[in-house]
Amino acid sequence: PDFGSEMAIDALVQMLMIDLGRVLRAAVQGEAGQGGLAPWQLARIDEALRASDGAWPTTEELAALCGISRSHLSRSFAATTGSPLSSHAAAIRLERAQDQIRAGTLPMNRIAETLGFATASAFSAAFRRSTGQTPREFRQGFN
């Protein structure tokens, strides 16, 4: 209620508005500049890769889940995670293969089919490239 208090409040409000504008502008520019994916989009991709049974999801299908184009998905995924989508998918595929082999309940050809490999030998070759062991050698290490 003193002299100048109204002017001080107006100046404070103006400074707050300027700072808020700077923060919002930085947030918008940061999202647009990085071209990254939102957390919900990353979660959908992971869910689709982990839930696949048989046919492995294509980049086109994953992009459709995220509501973006295939090329935008590839660029944005790399910008967000620092690695290509294909590497991430291969890592999840290998993780799922190892989990299924450890469980020991499915034959190798069924594991290969579940993970979307055309044949058990294609699965075995991919597994060996990734781990240095065949799936059977890996399974024997857990028995």
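## A pocket and the helix beside its lining

Helix α5 gives the most to the lining of the largest pocket, with six residues. Keep in mind that this is a predicted model. Let's look at that pocket, then at helix α7.

The largest pocket has a volume of about 210 Å³. Its lining is made up of 13 residues, and the ones nearest the centre are Ala90, Arg93, Phe117, Ala126 and Ser130. Both α5 and α7 supply at least two residues each to this lining. Sorted by class, the lining of the largest pocket looks like this:

| Class of lining residue | Number in the largest pocket |
|---|---|
| Nonpolar | nine residues |
| Polar | two residues |

Now for α7. This helix runs over residues 120–131, so to speak a stretch of 12 residues, and reaches 16 Å from its first C-alpha to its last, close to the 16 Å expected at 1.5 Å a residue.

Which residues of α7 are buried? They are Phe123, Ala126 and Phe127. These three sit on the same side of α7, because they cover an arc of only 100° around the axis. There is a general rule behind this kind of pattern: an α-helix has 3.6 residues a turn, so residues three or four places apart point the same way.

What covers the buried residues of α7? The cover includes α5 (85–103), α6 (108–114) and α8 (135–140). On the face turned away from the buried side, α7 carries the exposed residues Ser121 and Arg129. After α7 comes Gly132, with a positive phi near 85°.

Methods:
Residues are numbered from 1 along each chain as its sequence is written. This is a predicted model: local features need pLDDT of at least 70, side-chain atom pairs count only at pLDDT 80 or more; totals for chains, interfaces and linings use all residues. Side-chain values use heavy atoms; hydrogens and water are left out. Helices (H or I, at least four residues) and strands (E, at least two) are DSSP runs, numbered from the N terminus. The expected span of a helix is 1.5 Å times one less than its number of residues. Buried means under 20% relative accessible area, exposed over 50%, partly exposed in between (1.4 Å probe, protein chains only). The arc is that of the directions from the helix axis to the C-beta atoms. Contact means heavy atoms within 4.5 Å. On a 1 Å grid over the protein atoms alone, a cavity is a set of points where a 1.4 Å probe fits but cannot get out, and a pocket is an open set with protein on both sides within 12 Å along at least five of seven lines; lining residues have an atom within 4 Å of a point. Grid points are joined across faces, edges and corners, and a volume is the space filled by probe spheres set on the points. Ala, Val, Leu, Ile, Met, Phe, Trp, Tyr, Cys and Pro count as nonpolar, Asp, Glu, Lys and Arg as charged, and the others, Gly among them, as polar.
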